Structure formats: C-alpha cells, structure tokens
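This note is intended for a colleague who is meeting the structure for the first time. Please keep the sequence and the model at hand while reading the numbered points.

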Amino acid sequence: MDGLLHIWWVWLCAALALALVELVVPSSIFLGFALGALAMTVVVGLGLLSNTSALLALFAALSLLAWIVLKRVFKNQSSGARVVTRDINEN
C-alpha cells in the first residue's frame, strides 16, 4: 500500500474518482478532496516527498485548503430560492 502512494497516476485516478463522486452525491465536500488529490499528483510527480505519513498529511492539508477556498469563492451563490419577507395579504 505504501508503494501505491508514491505513484503519480494513482493520485490522478483518485482525483478523477473523487470528482465523479462529487457529481453523483449531493454534497460539496468531495471537490476539495479531488483538488487535494490533483495537487498531490504534482507533488508526487516531482518527487518532493518520500515519506508516506508526510504525503498523507500534505494531502489532508491541501484538501482542507481547497475546501476553504471553494467555500469562500462560492459562498455568494444562492440556490435561486426567493426569500419572502413581506406578506402580500397584509396592509
């Protein structure tokens, strides 16, 4: 299992799988994990880390960072639902 985490295309496949899960499951958390795995593709491809624990910790940190950035970018997007504050029957 340790050897698989040091192969760049495994991280790319994980990123694609998590992005597909994001499309199927009605939630918005898997996109952060997918972006974290995509960033790990670059890290592992360049050979910047060789420790498995450090790879997993960096994946967790990058996923959290991506999720926070996505929440800030898309926080102003509304669902399109109109909020009624005044009843038309009241005078």
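**Notes on the helices**

1. In helix α3, the buried residues are T52, L55, F59, S63, A66 and L70; buried means under 20% relative accessible area, exposed over 50%, and partly exposed in between (1.4 Å probe, protein chains only). Seen down the axis of α3, these buried residues fall within an arc of 70°, so they line one face of the helix. The arc is taken from the directions from the helix axis to the C-beta atoms. An α-helix has 3.6 residues a turn, so residues three or four places apart point the same way.

2. The model is predicted: local features need pLDDT of at least 70, side-chain atom pairs count only at pLDDT 80 or more, and totals for chains, interfaces and linings use all residues. Residues are numbered from 1 along each chain as its sequence is written, and side-chain values use heavy atoms, with hydrogens and water left out.

3. The face of α3 turned away from its buried side carries the exposed residues S53, L65 and R72. The buried residues of α3 pack against α1 and α2 (30–46). Helices (H or I, at least four residues) and strands (E, at least two) are DSSP runs, numbered from the N terminus.

4. In α1, the buried residues are W11, A15, L18 and E22. They cover an arc of only 70° around the axis, which puts them on the same side of α1. Their cover includes α2 and α3, while the face of α1 turned away from the buried side carries the exposed residues L16, L20, L23 and V24.

5. A15, in helix α1, counts as buried because its relative accessibility is 7%. Leaving aside neighbours within four places in sequence, A15 is in contact (heavy atoms within 4.5 Å) with A34, A37 and L38. A15 and M40 are 25 residues apart in sequence, yet their C-alpha atoms are 9.1 Å apart in space.

6. T41 lies in helix α2 and counts as buried at 12% relative accessibility. Not counting residues up to four places away in sequence, T41 touches W8, W11 and L12.

7. Is V24 buried or exposed? V24, in helix α1 (residues 8–24), is exposed, because its relative accessible area is 68%.
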